[in-house]
Amino acid sequence: MTQGIRTDTYRTDLHGMRGWRDTATRYALLPLRIYLGVTFMYAGLNKITDSAFLKSGGAGSIGDTMRAARGSAALPALIDLALKNPVGFGFAIALGELAVGIGTLLGLFGRLAALGGALISLSLWLTVSWASTPYYYGNDLAYLMAWLPLVLAGAPYLSLDAVLRSRRRARAGGYR
């Protein structure tokens, strides 16, 4: 049995010229990070600025949305917990989405921001969009799956995490 060695790319050193495949691989998660960051920031801002959303009852309110989803949720106990204070829960979700979006876009605590996005998407999938049939029509499951690569990889490039990491390396006396 022979082992194949990839010889079609050119690399000089750690910071030297790279082939187009290496560059594409390096930045492959950047479009996903931008999309999820912008989307979650928009969702959070939309909730905060929507006067109907942050009410316990009425058309378009968080309370009515949760009461409507309760009967078809996989975990109705989550909805019951949120219904104890629907306005507070609505603010928490909106601020959480905003924090996740900003953290993801800036690449600040990238893995933690992605984990927050994954947990928000998981909770929405298990409650609001659980009844979607077939299952792939529910967008929250797709968002959950989209967050997982960012949970694993973080924000290694074009991020505040990368800047902080390089400063720590410089203080420690070089590359580690």
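Analyst: In helix 6, the buried residues are G110, A113, A114, G117, A118, I120, S121, W125, L126 and T127. Buried means under 20% relative accessible area, exposed over 50%, and partly exposed in between, with a 1.4 Å probe and protein chains only. This is a predicted model, where local features need pLDDT of at least 70 and side-chain atom pairs count only at pLDDT 80 or more, while totals for chains, interfaces and linings use all residues. Residues are numbered from 1 along each chain as its sequence is written, and side-chain values use heavy atoms, with hydrogens and water left out.

User: What do the buried residues of helix 6 pack against?

Analyst: They pack against helix 2, helix 3 (62-70), helix 4 (76-83), helix 5 (86-106), helix 7 and helix 8 (160-172). Contact here means heavy atoms within 4.5 Å. Helices (H or I, at least four residues) and strands (E, at least two) are DSSP runs, numbered from the N terminus.

User: How many residues does helix 6 have, and how far does it reach?

Analyst: Helix 6 covers residues 110-127, which is 18 residues, and reaches 26 Å from its first C-alpha to its last. That is close to the 26 Å expected at 1.5 Å a residue; the expected span is 1.5 Å times one less than the number of residues.

User: What about S129, where does it lie?

Analyst: S129 is in the loop between helix 6 and helix 7. S129 has a relative accessible area of 8%, so it is buried. Leaving out residues up to four places away in sequence, S129 touches L124, G138 and D140.

User: Change of topic. How many salt bridges are there?

Analyst: The structure has three salt bridges, each a side-chain nitrogen of Lys or Arg within 4 Å of a carboxyl oxygen of Asp or Glu. One of them joins K47 to E97, with the closest N and O atoms 3.0 Å apart. That pair links distant parts of the chain, K47 being in helix 2 and E97 in helix 5, 50 residues apart.

User: Are K47 and E97 buried or exposed?

Analyst: K47 is buried because its relative accessible area is 18%. E97 has 3%, so E97 is buried as well.

User: Now the aromatics. How many aromatic pairs does the structure hold?

Analyst: Seven aromatic pairs. Rings of Phe, Tyr and Trp (its six-membered ring) pair if their centres lie within 6.5 Å; planes under 30 degrees apart count as stacked, over 60 as edge-to-face and the rest as tilted. F40 and Y143 have ring centres 6.1 Å apart and planes at 65°, so they are edge-to-face. F40 is in helix 2 (residues 30-49) and Y143 in helix 7 (residues 139-153), 103 residues apart, so the pair links distant parts of the chain. F40 is buried at 5% relative accessibility, and Y143 is buried at 17%.

User: Which residues do ring pairs link into a cluster?

Analyst: Y35, F40, Y143 and W147.

User: Last one: what is the overall fold made of, helices or strands?

Analyst: The chain has eight helices and zero strands. Buried residues make up 31% of its 176 residues. Among contacts between residues at least 6 apart in sequence, 62% join residues at least 24 apart.
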